[in-house]
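Here is a briefing on the pockets of a protein model. Look at the structure first, then read on.

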Amino acid sequence: MNEVNIHEKYMHRCIQLAKNGLGTTYPNPLVGCVIVHDDKIIGEGWHHKAGQAHAEVNAIEGVSDVSLLKKATVYVSLEPCNHFGKTPPCTDLIIDRSIKKVIIGSIDPNPEVSGQGVQRLKDAGCDVTTGVSQKECDDLNKRFFTFHLKKRPYIFLKWAQTEDGFIAPLEREQQGPVWITSPHSRQIVHKMRAGEQAILVGTNTVIADNPSLTTRYWKGSSPTRIILDRNLRIPKDAAVYDGKMKTIFITEKNSDNETDLIFEPIDFSEKVAQQICEIAYRHAIQSMIVEGGAQMLRTFIETSYWDEAFVFIGNTTFDAGVKAPKFTGTLVSEEKIATDILQHYKNPSL
């Protein structure tokens with residue numbers, strides 16, 4: 001195996017480790033690290049949670065024979081930090097432990113870090129290689145990169161539709177969701193929610209379904225709820241007013257903020273999707289699921305403010321109802337989930 005393949009092998013392990021932190025590291029990125037001596041991993045770690053030790057610290061602390069560090073190579077999926085945040089700089093730790101070779105996947109887009117970590121290591125005499133498996137490492141932190149480079153969250157569209165192309169019936173007997181997909185698909189949706197920072201729905205969806213928008217079918221934190229409610233029509237006894245998690249109401253009406261209920265005004269005659277993204281950015285939200293309804297989804301599709309889409313097709317028909325949105329996307333995958341089909345798309349314009 002040549003040197004390039006060796007580097008890629010260990011960098012892929014870094015990526016594997018980093019993914020363990022999805023949903024718990026915000027606002028920090030996902031980072032994995034392995035330490036190698038004589039083609040053997042002697043330490044590895046990942047960033048578990050914001051405010052806790054970074055991946056490099058966890059990997060170094062996992063090395064039982066610290067004397068090997070002077071001859072070891074550190075692989076890390078993202079450039080080590082060189083500034084004081086809630087934890088000390090990782091570059092200082094690498095230098096203090098006399099580690100002389102560092103292999104890096106992505107350069108951190110955060111202005112507080114970008115390139116400075118690499119330079120600090122080089123100035124201290126470290127042999128630094130960057131850009132190993134860079135595409136995969138960039139994709140690992142697509143939320144973090146989009147937030148810092150595009151000043152908006154990474155956006156996932158998600159909806160369920162019937163085999164005949166409807167997302168809701170024309171009429172319903174009572175308030176509450178009309179299930180199109182199986183419990184298996186609904187559990188996958190809750191797993192998705194646990195990995196993302198926010199979920200966005202519109203007024204009609206909340207009034208019709210009274211959703212809690214939580215992760216009750218999956219272990220993990222529930223996302224921040226963002227509710228588009230232009231005239232504050234949603235009743236105060238709705239589940240989204242329960243105060244159990246941060247909830248942002250986007251409206252044109254004045255209302256006083258409470259501890260976990262925030263009201264953000266926008267101009268509904270101007271670029272609604274862009275204004276929502278600007279509010280999310282101000283609240284340091286790096287990723288957002290847009291769940292509906294139909295008008296909300298169309299707003300983001302028509303302005304191309306989306307990155308990926310997940311379409312669940314249930315084994316049901318309505319014959320008539322609210323039509324599923326039309327969009328152009330690049331199909332990434334299609335899989336069977338119990339009686340349903342899940343299609344995954346990416347925005348072809350990106």
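α10 gives the largest share of the lining of the largest pocket, six residues. Helices (H or I, at least four residues) and strands (E, at least two) are DSSP runs, numbered from the N terminus. This is a predicted model: local features need pLDDT of at least 70, side-chain atom pairs count only at pLDDT 80 or more, and totals for chains, interfaces and linings use all residues. Residues are numbered from 1 along each chain as its sequence is written, and side-chain values use heavy atoms, without hydrogens and water.

**Largest pocket**

- Its volume is about 1200 Å³. A pocket is an open set of points on a 1 Å grid over the protein atoms alone, where a 1.4 Å probe fits, with protein on both sides within 12 Å along at least five of seven lines. The volume is the space filled by probe spheres set on the points, which are joined across faces, edges and corners.
- It has 48 lining residues, and T205, D209, E291, G292 and G293 are the closest to its centre. Lining residues have an atom within 4 Å of a point.
- Elements that give two or more lining residues include β12 (287-292) and α10 (294-302).
- The lining has 23 nonpolar (Ala, Val, Leu, Ile, Met, Phe, Trp, Tyr, Cys, Pro), 14 polar (the others, Gly among them) and 11 charged (Asp, Glu, Lys, Arg) residues.

**Second largest pocket**

- The second largest pocket has a volume of about 880 Å³.
- Among its 31 lining residues, L22, K142, R143, K191 and E196 are the closest to the centre.
- α7 supplies the largest share of this lining, five residues.
- By class, this lining has 13 nonpolar, eight polar and 10 charged residues.
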